Amino acid sequence: MAPRKEKEKEGKPAEPDDVSLILDYLRQQNRPYSAIEVSANLHNKVTKAQATKVLKELHQKGEIEGRTAGKQTVYHALQESSDDASPELLAALGQEIATLQDELSTIKAAERKARTTLAALETRPRLSTLREEIVQLAAERDELRARVELKRSGEVDDQPQISPEARAQLERDWTQWQRHVIVRRRICREMWEYCSEVLPEDTTAAELWGVWH
């Protein structure tokens, strides 16, 4: 009895819902599948045996394409020929291409703007660098505050330390500039004497230097 039931099950015609479900799935995916894959991808809404039967019938009717791949047969939806494209379809495709090209131009412009903004941001100091500088400045501030407090308390001698060689050089420089001062003072006095010889004797200092006040 069991073999007879199996034969009756195999000879059962395909359900219209199963045919529509499988045909719509192949058209939506637009790629080849075996009967096992179709059944699994449809979450067993159609059994493997029924999927095999439906796919074979659709192939025999010429509603789908089928080819043997190894030990199994794979099926896919019929591919429309580009020669059968109507003028309306070609116009729609042309419009879609133009729209996509406009979108591509907009995206490229946005990309260039983003790159420009990024380049400007890269010229600015990084946040990590600013944080390091803040830490360094804070350390210097604390050090200066500590030195000021020590100086106020008298615990630190803030007099500059000069080596004997540097002190000797400073003394030589001081002596040299003192000579320059003496020479220039004598020259200035002599020039003033020459100038005062041509001035009236009753010329006062206010009259002489008033223009400079």
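Helices (H or I, at least four residues) and strands (E, at least two) are DSSP runs, numbered from the N terminus. The model is predicted: local features need pLDDT of at least 70 and side-chain atom pairs count only at pLDDT 80 or more, while totals for chains, interfaces and linings use all residues. Residues are numbered from 1 along each chain as its sequence is written, and side-chain values use heavy atoms, with hydrogens and water left out.

**Stop 1: helix 4**

Select K53 and E57, which both lie in helix 4, four residues apart, about one turn of the helix. Their side chains meet in a salt bridge (3.5 Å, N to O), a term that denotes a side-chain nitrogen of Lys or Arg within 4 Å of a carboxyl oxygen of Asp or Glu. For accessibility, buried means under 20% relative accessible area, exposed over 50%, and partly exposed in between (1.4 Å probe, protein chains only). E57 counts as partly exposed because its relative accessibility is 23%, and K53 is also partly exposed, at 23%.

**Stop 2**

Next, display the open sheet of three strands, whose order is 1-3-2 with antiparallel pairing. Its edge strands are strand 1 (33-34) and strand 2 (64-69), each of which pairs on one side only; two strands pair if DSSP finds at least two bridges between them. Six bridges join strand 2 and strand 3 in the antiparallel sense. Select R67 to find V74 of strand 3 standing opposite. Helix 4 packs on this sheet and touches strand 1, strand 2 and strand 3, its direction making about 115 degrees with that of strand 2. Here the axes are lines fitted to C-alpha atoms, for helices over the stretch in contact, and angles run from 0 to 180 degrees between N-to-C directions.

**Stop 3: the core**

Now select I22, L26, V38, L42, L55 and I64; of the 16 residues in the largest nonpolar core, these touch the most other members. Such a core is a set of buried Ala, Val, Leu, Ile, Met, Phe, Trp, Tyr and Cys residues joined through side-chain atoms within 4.5 Å. Centre the view on I22: neighbours within four places in sequence aside, I22 is in contact (heavy atoms within 4.5 Å) with V38, L42, V46, A51, V54 and L55.

**Stop 4: further salt bridges**

Three salt bridges are counted by this rule. In helix 5 (residues 87-123), select E111 and R115, four residues apart, whose side chains meet at 3.2 Å, N to O. E111 is partly exposed at 40% relative accessibility, whereas R115 is exposed at 57%. Finish at R141 and D142, a salt bridge with its closest N and O atoms 3.2 Å apart.
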